[in-house]
Structures are given as C-alpha cells and as structure tokens.
Amino acid sequence: MRGRQAAAEAGVGNITFQQGAAEELDELSAEVIVVDPPRAGLDPAVRDHIHASTADRLVYVSCDPATWARDISDLVGRGWRLGRVIPHDFYPQTSHVEVVSVLER
C-alpha cells in the first residue's frame with residue numbers, strides 16, 4: 001500500500017491504515033478519517049459509521065462533485081462543519097474535477 005510506504009519514508013508513526021468496507025469496520029476510532037469513495041459517493045451506512053466515529057476531522061476526496069455535494073450536505077446536516085474545499089483540474093479540457101475538502105465537528 002502506497003500510504004504505508006509514504007508514512008515510513010516521512011517517518012510518521014502515529015498512523016493506522018484500515019482496508020475494507022467502511023461500514024463493516026468494527027470501530028472507527030481516529031482523530032482524522034480520509035475517504036476517497038467511488039463516483040457513487042459514500043453509501044448512507046458509511047456516512048452513519050463516520051458520524052458515529054470518534055474522528056474530529058474528515059478529509060473527503062471526491063471524483064464526482066454531484067455525489068460530493070450530496071454527501072457533504074448530509075454530513076453538514078448532522079453537525080459537521082465544512083472547511084476548506086479545493087478543486088483540482090487534473091484533466092484540463094474535460095468535465096472531470098477532483099474535489100478535496102475538510103470537515104470538522
């Protein structure tokens with residue numbers, strides 16, 4: 001996994017990687033959760049699981065602004081605050097835009 005390699009190269013040791021269906025993970029006990037869902041966005045069960053977690057911050061990477069907006073609206077409705085939002089146009093001359101955003105409780 002590239003994340004583990006990057007953490008090792010940076011000398012970062014206070015990080016845990018979990019892989020699998022988010023709604024099936026036993027517990028999401030972390031300060032920060034990073035999600036990069038498919039175009040369909042986050043399943044409602046995943047949003048429930050994230051909201052029930054101990055995380056104070058959520059970094060959401062999205063390849064579909066429409067599902068990003070739907071998911072962010074749901075999380076903001078639950079009390080999360082949308083902070084910084086950065087669109088990335090990695091594919092100029094196309095409609096494809098990546099969106100990176102940070103939400104906090």
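Which strand holds Val85? Val85 sits in strand E3, residues 81–88 (strands are DSSP runs of E with at least two residues, helices runs of H or I with at least four, numbered from the N terminus).

A word on the model: it is predicted, so local features need pLDDT of at least 70 and side-chain atom pairs count only at pLDDT 80 or more, while totals for chains, interfaces and linings use all residues. Residues are numbered from 1 along each chain as its sequence is written, and side-chain values use heavy atoms, leaving out hydrogens and water.

Buried means under 20% relative accessible area, exposed over 50%, and partly exposed in between (1.4 Å probe, protein chains only).

| Residue | Relative accessibility | Class |
|---|---|---|
| Val85 | 35% | partly exposed |
| Asp71 | 0% | buried |

Asp71 belongs to helix H3. Leaving aside residues up to four places away in sequence, Asp71 touches Gly41, Leu42, Arg47 and Tyr60 (contact means heavy atoms within 4.5 Å).

**The core**

Now to the largest nonpolar core, which has 14 residues (a set of buried Ala, Val, Leu, Ile, Met, Phe, Trp, Tyr and Cys residues joined through side-chain atoms within 4.5 Å). Among the residues with the most contacts inside this core are Leu42, Tyr60, Trp80 and Leu103. At least two core residues come from each of strand E1 (32–35), helix H2 (44–52), strand E2 (57–62), helix H3 (65–77) and strand E4 (98–104). H3 gives the largest share, 3 residues.

Leu103 has contacts with residues including Leu58, Tyr60, Ile72, Trp80 and Leu82, again not counting residues up to four places away in sequence.
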